[in-house]
Amino acid sequence: MLSIAQRLEQYTLKRPNEVLLVNAEIEGELDQIAVFKGFSSSLVRSTAFDPDVPVLPESVKILSIDRLEAPYNPAQPRY
């Protein structure tokens, strides 16, 4: 069974014109993760160089997921 991170990455592979902005709580800390074209990257803390290291651990508590139009522009996001 795929992890939540893998499922979100698979979703974006099928929808290359969409960016997912995931607001989550990881180990008691808030984080924001962008998922685009099969890759995840934290916008708050450092992300491992190895794409096999999950950005969203199994213990993640997802607070919300926003769907945005690609490319993502933080100054003018298009929901």
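Q: How do the residues that line the largest pocket divide into nonpolar, polar and charged?
A: In this predicted model, the lining of the largest pocket has 12 nonpolar residues, six polar ones and three charged ones. Under the classes used, Val, Phe and Pro count as nonpolar, and Glu counts as charged.

Q: What is the volume of the largest pocket, and which lining residues are the closest to its centre?
A: The volume is about 310 Å³. The lining holds 21 residues, and the closest to the centre are Glu9, Phe39, Ser40, Pro51 and Val53. The elements α1, β2 and β3 each give two or more residues to this lining.

Q: What is the order of the strands in the open sheet?
A: The four strands are ordered β3-β2-β1-β4, and their pairing is antiparallel. β3 (39-42) and β4 (61-69) each have a single partner strand, so they stand at the edges, with one side of each left without a neighbour in the sheet. From one strand to the next, the twist averages 25 degrees.

Q: Which strands does helix α1 touch where it packs on the sheet?
A: Helix α1, residues 4-14, touches β1 (18-26), β2, β3 and β4. The direction of α1 makes about 165 degrees with that of β1.

Q: Why do β1 and β4 count as a pair?
A: Two strands pair if at least two bridges are found between them. β1 and β4 have eight bridges, in the antiparallel sense, and therefore meet the criterion of at least two. Within this pair, leucine 21 stands opposite aspartate 66 in β4.

Q: How many bridges do β1 and β2 have, and how many join β2 to β3?
A: β1 and β2 pair over seven bridges, in the antiparallel sense. Four bridges join β2 (residues 29-36) to β3, also antiparallel.

Q: Why is leucine 20 called buried?
A: Buried means under 20% relative accessible area. The relative accessible area of leucine 20 is 3%, so this residue is buried. Leucine 20 is part of strand β1. Leaving out residues up to four places away in sequence, the contacts of leucine 20 include Leu8, Tyr11, Ile33, Val35 and Ile65.

Q: What is the bridge partner of leucine 20 in β2, and how far apart are their C-alpha atoms?
A: The bridge partner is valine 35. Leucine 20 and valine 35 are 15 residues apart along the chain, and their C-alpha atoms are separated by 5.0 Å.

Q: Why does isoleucine 26 count as buried?
A: The relative accessibility of isoleucine 26 is 4%, and the cut-off for buried is under 20%. Isoleucine 26 therefore counts as buried. This residue lies in β1, a mostly covered strand in which seven of nine residues are buried. Apart from residues up to four places away in sequence, isoleucine 26 touches Asp31, Ile33, Arg45, Val55, Leu56, Pro57 and Val60.

Q: How far is isoleucine 26 from arginine 67 in sequence and in space?
A: The two are 41 residues apart in sequence, with 20 Å between their C-alpha atoms.

Q: Why is glutamate 27 called exposed, and lysine 37 partly exposed?
A: Exposed means over 50% relative accessible area, buried means under 20%, and partly exposed is in between. Glutamate 27 has 70% relative accessibility, so this residue counts as exposed. Lysine 37 has 43%, and therefore counts as partly exposed.

Q: Where do glutamate 27 and lysine 37 lie, and what is the phi of glutamate 27 and of lysine 37?
A: Glutamate 27 lies in the loop between β1 and β2, strands that form a hairpin with two residues between them. Its phi is positive, about 50 degrees, although glutamate 27 is not a glycine. Lysine 37 lies in the loop between β2 and β3, which also form a hairpin with two residues between them. The phi of lysine 37 is near 50 degrees, again a positive value in a residue other than glycine.

Q: Which residues does the cis peptide bond join?
A: The cis bond joins alanine 70 and proline 71, with omega about -5 degrees. Proline 71 lies in the segment after β4.

Note on methods:
Residues numbered from 1 in each chain as written. Predicted model: local features only at pLDDT ≥ 70, side-chain atom pairs only at ≥ 80, totals over all residues. Heavy atoms only, no water. Axes fitted to C-alpha atoms, helices over the stretch in contact; angles between N-to-C directions. Contact = heavy atoms within 4.5 Å. 1 Å grid on protein atoms, 1.4 Å probe; cavity = no way out; pocket = protein on both sides within 12 Å on 5 of 7 lines; lining within 4 Å. Points joined across faces, edges and corners; volume = space filled by probe spheres on them. Buried < 20%, exposed > 50% of the residue type's maximum accessible area, 1.4 Å probe, protein only.
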